[in-house]
Amino acid sequence: MYIGLLHTHSVLRWIALILLVVALINALISKGKGTYLKKDKMINLFAMVMLHTQLLIGFVLYFISPKVSFSEGWMKNPSFRFHGMEHILVMLIAIVLVTIGRKKAENASVVSQKHTKIMVWYTIGLVLIIASIPWPFRQALGGAWY
Ligand code: HEM
Ligand code: HEM
């Protein structure tokens with residue numbers, strides 16, 4: 001189960017990143033058009049749902065991954081510190097911000113404001129997510145590309 005979830009979590013990262021970028025580009029274009037259609041709503045929703053899925057899988061991984069360990073001196077080990085604390089903390093913040101942002105966009109009464117909310121909150125989320133992915137070039141973390 002561990003390997004399956006790890007691969008799913010790893011591949012879904014790309015879908016999550018792509019959907020966030022698509023949502024941002026869409027917000028920019030649709031703001032120019034001055035419309036907020038069902039497709040705008042769906043794009044924003046799918047991007048958020050993909051993050052919720054990552055959250056759920058991430059929670060399970062947190063309990064079964066060998067990269068999460070709270071043994072003696074874990075804070076001094078870059079990989080244990082990253083996977084046990086930094087990754088979950090920053091991703092959680094990013095997902096909460098995207099969820100709040102989408103709620104604010106849905107609740108905004110002016111069309112252009114809906115798109116602005118998505119642009120602001122999803123951009124912050126995207127930056128945080130990119131910053132706390134265990135990319136393969138962060139050698140101490142031993143992550144994979146997919
Ligand atoms: C640890 C797991 C999860 C937590 C803590 C969580 C939390 C939340 C919260 C707080 C909201 C409310 C957002 C709002 O009011 O706008 C929400 C909405 C939503 N979540 Fe999740 N979620 C989780 C997993 C999932 C999964 C696995 C899926 C689907 C694959 C999912 C799909 C949705 C959808 C579709 C909505 C939007 C409902 C709507 O506003 O129409 N969530 N989630
Ligand atoms: C947008 C949200 C997230 C993204 C894009 C993401 C992405 C990733 C990626 C790319 C990896 C490396 C996979 C590999 O090397 O094959 C990883 C590992 C991991 N993630 Fe996440 N993650 C997210 C959220 C979370 C959350 C919220 C948690 C915890 C609740 C979590 C827990 C873990 C754990 C424990 C690992 C280590 C698994 C292992 O290598 O054994 N992730 N994540």
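1. For the residue classes used below, Ala, Val, Leu, Ile, Met, Phe, Trp, Tyr, Cys and Pro count as nonpolar, Asp, Glu, Lys and Arg as charged, and the others, Gly among them, as polar. On that basis the shell around ligand 1 has 6 nonpolar, 3 polar and 2 charged residues, while the shell around ligand 2 has 14 nonpolar, 8 polar and 2 charged residues.

2. The model is a predicted one, in which local features need pLDDT of at least 70 and side-chain atom pairs count only at pLDDT 80 or more, whereas totals for chains, interfaces and linings use all residues. Residues are numbered from 1 along each chain as its sequence is written, chains are lettered from A and ligands numbered from 1 in the order in which they are written, and side-chain values use heavy atoms, with hydrogens and water left out.

3. The protein has 4 helices and 0 strands, where helices (H or I, at least four residues) and strands (E, at least two) are DSSP runs numbered from the N terminus. The order of elements from the N terminus is α-α-α-α, and the C-alpha trace spans about 55 × 25 × 25 Å along its principal axes.

4. Around ligand 1 lie Leu45, Met48, Val49, His52, Thr53, Leu55, Leu56, Phe59, Thr99, Arg102 and Lys103, a residue being counted if one of its heavy atoms lies within 4 Å of the molecule. The iron atom of ligand 1 has His52 (ND1) as its only protein donor, at 2.1 Å, donors being N, O and S atoms within 2.8 Å of the metal (3.2 Å for Na, K and Ca), with water not among the atoms, so sites may look incomplete.

5. Polar contacts (pairs of N or O atoms within 3.5 Å) to oxygen atoms of ligand 1 include one from a polar side-chain atom of Arg102 at 2.6 Å and one from a polar side-chain atom of Lys103 at 3.2 Å. The elements giving two or more residues to this shell are H2 and H3; H2, where His52 is placed, contributes the largest share, 8 residues.

6. What coordinates the iron atom of ligand 2? His9 (NE2) and His87 (NE2) do, at 2.0 Å, and this pair links distant parts of the chain, with His9 in helix H1 and His87 in helix H3, 78 residues apart.

7. Ligand 2 is surrounded by 24 residues, the closest being Tyr2, His9, Ser65, His87 and Ala144.

Key. A polar contact is a pair of N or O atoms within 3.5 Å; within protein, one must be able to donate a hydrogen and the other to accept it, and residues adjacent in sequence count only if both atoms are side-chain atoms.
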